[in-house]
Every structure is written in structure tokens, then in C-alpha cells.
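Please look over the sequence and the 3D structure below before reading on. The paragraphs that follow begin with a single residue and then widen the view to the rest of the chain.

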Amino acid sequence: MSLTKFVGLLAFTAVATSATAASVEATNDTNAQIAELKKELNELKSQNGDKWLTEERASQIRGVVQDVMADADTRSSLQATAATSGYNNGFFIASPDGNFKLQINGQVQVRSSYAWQTNSAWNAAQTVNPNATKAQYGTEIRRAKLSFSGNVVDPSWQYKVTMAYLPQGSQFAAVTSSPYNTAGNNQGNGTNSTANLEDAYINKDMGNGMSLKMGQFKSPFLREELVSSANQLGVERSVVNQMFSTGWTDGIQFTASNDTLMGMVSFNNGGNNANFATQNMNSTNGNYTQYALTGRLQWLAFGNWAQFNDMTSMRGGGQGLMLGTGFNWQHGGNQNNAFGGNQNPGSGNTDAGFLTYTADASWDLGGANLYGAFFGNLTGSLPVDNGPLGGQGTNGSSIQSYGALVQGGYFISDNTELFGSWQWYETANQGGNNPSTLSNNVFNAQMNNIFSAGVNIYLTKNVKFTFDTGWAANGIVFQGGIYNQAVAGTNYQTAGSVNSGGQWVGRAQVQLVF
């Protein structure tokens, strides 16, 4: 008997029983039948009741599953058009497939400095300028940067654009005839600060360790310059770096690397000539460089490339050793330098040939680091002097400049690092090319030793305090290096003459990066 028929029979029996309930006496047959029906009902419940409940639950579950599947399809459809975002060494937003990505990084450096000349240096300066200052001090926003990087179309098409607020004169020096500061400002660290375009390039990753970069970037020359200002050992890069650095250029660069070797070569518009218009390469009277070729080769003895993106080595970090060498060869086009004589170059844009070279070694010890570099520059092909200083140097003789840097750091705790450095540079003017009477010329005969020591305190990965002090044994007579990189950014004062006496510099800086 089916469950439906049984339920119908039970209902009929119940009605019949109710109808005869009024009778005084029920027959024994009816009672027996009811008892039999109750027994059969209990058996059917035990056999079919759970099945009926299971079918009902299965139907409900199927409905829930269908709803969940529909919701999942909706979410998947939305995810195809939504972007991922978060923080990973910078704030980023990206498409789920990774083909489009924008990452935002920033850097803020707040610095206080005090530069104090010895009495002999101050007296020498006053003989030329009675208003020369003995001390310079103050607080500045040394750097405030925003960087936008990522990729488009697919991960191989990469880009980077960096805007930087910098105090005027702290990056590019204006070579003038007066090296003396009279208003307490360090060659431009005043109210006329500007926002500059630093990086602006497209990089195509061609696979197998090869890439092609086009735009504005630092030419591949000095290691200290190539490492970000956020990852230096001291408060600022060295003075000798400013003397030889090529800084930012516009051009094209090819890079090839594997696990142990990395080579970079760039054809560009000359050291520190970023964001300038195209020049006439056939002209010898251009304002800037006619051509420049820069290259660098690095050999990784052990370690990995990423650990040399900074100038320190944290506790717990891996050990590594990297050797490097580089060159910059260019010919300037400007015959009208600031000093009126072609034999006295004011910068690498002077109508002369410049070959600058370097060799360096970096050793990470996992809690300690050591770095050493040698620098050199040969300036030749100097034209005959037709300016006001004519006759003083007409032989086209060469000018040679040299420099060296040794620095190291040691962690005395997980977040505290002591460091020190020694710098040396000298320029030898040969033949008749001797601009010794021009004190504000980087090519002037000079020799200097600079010693410094300090401490880094890493509060977090993103916040660092740095304190250091430095002593320059002799006067720093140039405001801009060979390629016009400013000394002012180091907070050292420009002196009256080479042997005028030394100066002390103390600096304190807090840096935040994201």
C-alpha cells in the first residue's frame, strides 16, 4: 500500500470512528482494526519517513547550491573587471592578471646641519669678501619625492616617473665667479626651491636578463650615485661623488645580466644634462654636450644582485661581494664658459673631451659592510684660448683629476649602525692649462681629505634617523663637480681657497619612505 492510499484510508477510518463515537458501545472488530492500522502506520513511518525527509532536504540543498553557484559566478564576473590593491614595498593597484600595475612610492628627508669654518678659513674668505660667513646652519626639506612606477600591456613594458622637491642649488650647481656665501644660505638653499623631474623612462624587458631603457635616468657610472638617496650609509653622498658623478641624463640604455655578470651601456646627452633639448652634434658652439657614452660592468663574486641596492648590510642579511667598473666619455660643445677662456673648463659641457672612470668594490657581511672606490678624470682636446685670458694656455694640455672613497658600517644592535668614511681628491693641471687663479673651478689644482663618522638608528624599515659629523682638512673651492653636480647638497661650505683651512660639518636627519 502506498503512503498516499494509507493516509487516505486512515482519514476515512478516523471519520468513521468519530461518527460512531457517540454510540454507547464500540465493537471489538473496530478496535482491533484501529490497532492494526496504528501498527502498520508505525512500520511505514520507520520505512518511509526518513526517506521523505531526506528528499525534502535534498531539494532544499539543491536550491542552496544553485544560489551559491549563481553568487560565485557573479563574483567571478565582477573580479574580472575589479583591480587588486594593497601595500608591498609601496602602495599599488593592479589588474588581476598583472598586466597593468601602478605603484606609488615616496621619500621625505628632513635635515638640520651646522657648518663651521676655522678662523684661518674665515679670514681667508674675508680677504675677498668682508661679508663672508663663518658658520651656516638651519633646517631644510632636503628631499621630498613621489615616484610612480609599474607596467602596462604586460609585465615587460615598465615605466617610472619621479617628481622631487629639492632646495635650489642642492642638485645642480651654477658655476659663478664668487664662491662666497654672504646671507647664510648654502648656495641656493633658500626660498627659491623647485620641483624637478628626475626619472622619466620606459623600460622594455626583453627576457634572458636583457632590457632596453629609454628616457631620463641616471647614467650607469658611479655605484654610490646609482644607489637611491634613501639607501645611503651616511646622511648624504660623499663630496667626491659630487665631484665625479654624471647624475641624470636623457638617452637610451641597454642592460644584459645573468647570475654573476651585469653590463650596462648608455648613449646620452652628457653628465647631468637631464631634460635638455636635442643639440646639434656637428656644432662646436652648442650649449651642452655633443655626445656622451657611458658604461658599467659589475661582477658578483657571491651573494645576489638585490642586496646591493643599498650601501649597508643589515643583521641577518646574506653575505655578498660585488666588483664594478665604469666610464663616461663625452665631448662638450660650449665654447663660452663662465671664465672667458677655453683652456679653463667650467664643467663637462666645455668644448673639450672628458674621460671619467671608476673602479669599486662592495662587501656585505650580514651586519657589517665595507665599500671602496677610486675615481679619475682626464680632460683633453682643449682648444686654443681666444678669450680674455688668451695666451695662458694654448697647448691643449690635459687636466687630470683623481679621487678615492672608503667607508664602512657595523651594527652594534639589530637597529643601530655605526659608520665612518674617508674621502680624498686632487687635481693635477699640466702644461699651460692652469686655472690656479680661479678659485671657484673644479679643475683648479687642489687636494683635500675629508673624514666623517656617524650613527644610523632604524626605528622601522620605513623610518631612519641618521647623525654624522665630518671634517674637511682643506677648503672645498668648487660649487659644482666636473659634471656640475652641486656640493651644496652635502652641506659643506665653499671655501675661499684650497689652503685656507678646514671646516666642521654636523648633520642630523630623519627619513621616512613608503
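With a relative accessibility of 8%, E236 counts as buried, a term used here for residues under 20% relative accessible area, while exposed means over 50% and partly exposed lies in between (1.4 Å probe, protein chains only). The model is predicted, so that local features need pLDDT of at least 70 and side-chain atom pairs count only at pLDDT 80 or more, whereas totals for chains, interfaces and linings use all residues. Residues are numbered from 1 along each chain as its sequence is written, and side-chain values use heavy atoms, with hydrogens and water left out.

Side chains of opposite charge can pair when their charged atoms come close. A salt bridge, in the sense used here, is a side-chain nitrogen of Lys or Arg within 4 Å of a carboxyl oxygen of Asp or Glu, and by this rule the count comes to ten. One of them joins the side chains of E236 and R142, with 3.1 Å from N to O. This pair links distant parts of the chain, since E236 sits in the loop between α4 (223-226) and α5 (239-244) and R142 in strand β4 (residues 135-151), 94 residues apart; helices (H or I, at least four residues) and strands (E, at least two) are DSSP runs, numbered from the N terminus. R142, at 3% relative accessibility, is buried.

E236 also meets R143 in a salt bridge, at 2.9 Å from N to O. Because E236 lies in the loop between α4 and α5 and R143 in strand β4, the pair ties together parts that are 93 residues apart in sequence. R143 counts as buried too, at 5% relative accessibility.

Strand β4 takes part in a further link: the side chains of K145 and E198 form a salt bridge of 3.0 Å, N to O, and this pair joins distant parts of the chain, with K145 in strand β4 and E198 in strand β6 (residues 194-207), 53 residues apart. K145 is buried, with a relative accessible area of 15%, and E198 is buried at 2% relative accessibility. Through salt bridges that share partners, R111, R142, R143 and E236 are joined into one network.

Which space inside the structure has E236 among the residues closest to its centre? Five cavities of 30 Å³ or more are present, a cavity being a set of points on a 1 Å grid over the protein atoms alone where a 1.4 Å probe fits but cannot get out, with lining residues having an atom within 4 Å of a point. The largest cavity holds about 180 Å³ of space, and of the 19 residues that line this largest cavity, E236, S421, Q423, S452 and R507 are the closest to its centre. Strands β14 (399-413) and β15 (416-429) are the elements that give two or more residues to this lining, and β15 supplies the largest share, three residues.

Taking the chain as a whole, the secondary structure comes to five helices and 18 strands, and 45% of its 514 residues are buried. Among contacts (heavy atoms within 4.5 Å) with a separation of 6 or more, 68% are between residues 24 or more positions apart.

Terms used. 1 Å grid on protein atoms, 1.4 Å probe; cavity = no way out; pocket = protein on both sides within 12 Å on 5 of 7 lines; lining within 4 Å. Points joined across faces, edges and corners; volume = space filled by probe spheres on them.
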